[in-house]
Amino acid sequence: MDNRVCNIFNQHKILLKNLKTLDIKEFSKKRNYQLYLGVDSNGFYNLLFFRESKSRFVNKELEELKKISQLVKSKFDINIVKFGLFYNSAICSKVIKSNLDWKFYDFM
């Protein structure tokens, strides 16, 4: 994991044990995503997506991320409780309002 991602986790006070960097190519053809899986202090699995793109993030892309998360669940045979998306571009407000089980973080 690179130093920039560690700094972003520190800024948002995210501390995960057993943090793994997953290869997104196993689950999707998307190239502008990085995928991290870890366990928080309460013992819950967290799946975090990093999106680096200039285009706007819309509901259709979130549906793809949900499919990817299902594939990760089945591959590792775990129950992922918390999902997060780090993004550096514009995001549709409907995405944030309609998906309360996801956390969205803006980074530059």
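**Reading aromatic pairs and a pocket**

Modeller: Trp102 is buried, with a relative accessible area of 5%. The model is a predicted one.

Colleague: Why does Trp102 count as buried?

Modeller: Buried means under 20% relative accessible area, and Trp102 has 5%, so the residue is placed in that class. Phe83, at 11%, is buried as well.

Colleague: How is a pair of aromatic rings described?

Modeller: The description uses the distance of the centres and the angle of the planes. There are 10 aromatic pairs in the structure. In one of them, Tyr36 and Phe50, the ring centres are 5.5 Å apart and the planes meet at 80°, so this pair is edge-to-face. Tyr36 belongs to strand 2 (residues 33–39) and Phe50 to strand 3, so the pair ties together parts 14 residues apart in sequence.

Colleague: Is the pair of Phe83 and Trp102 stacked or edge-to-face?

Modeller: Phe83 and Trp102 are stacked, with 5.2 Å centre to centre and 20° between the planes. Phe83 lies in strand 4 and Trp102 in strand 5, so this pair ties together parts that are 19 residues apart in sequence.

Colleague: Which residues do ring pairs link into a cluster?

Modeller: The cluster consists of Phe9, Tyr36, Phe50, Phe86, Tyr105 and Phe107.

Colleague: What lines the largest pocket?

Modeller: The largest pocket holds about 270 Å³ of space. Its lining has 15 residues, and Ile14, Asp40, Asn46, Lys82 and Tyr105 are the closest to the centre. Strand 4 gives the most to this lining, with three residues. By class, the lining has six nonpolar, four polar and five charged residues.

How values were computed: Residues numbered from 1 in each chain as written. Predicted model: local features only at pLDDT ≥ 70, side-chain atom pairs only at ≥ 80, totals over all residues. Heavy atoms only, no water. 1 Å grid on protein atoms, 1.4 Å probe; cavity = no way out; pocket = protein on both sides within 12 Å on 5 of 7 lines; lining within 4 Å. Points joined across faces, edges and corners; volume = space filled by probe spheres on them. Helix = DSSP H or I, 4+ residues; strand = E, 2+ residues; numbered from the N terminus. Nonpolar A, V, L, I, M, F, W, Y, C, P; charged D, E, K, R; others polar. Phe/Tyr/Trp six-rings, centres within 6.5 Å; stacked < 30°, edge-to-face > 60°. Buried < 20%, exposed > 50% of the residue type's maximum accessible area, 1.4 Å probe, protein only.
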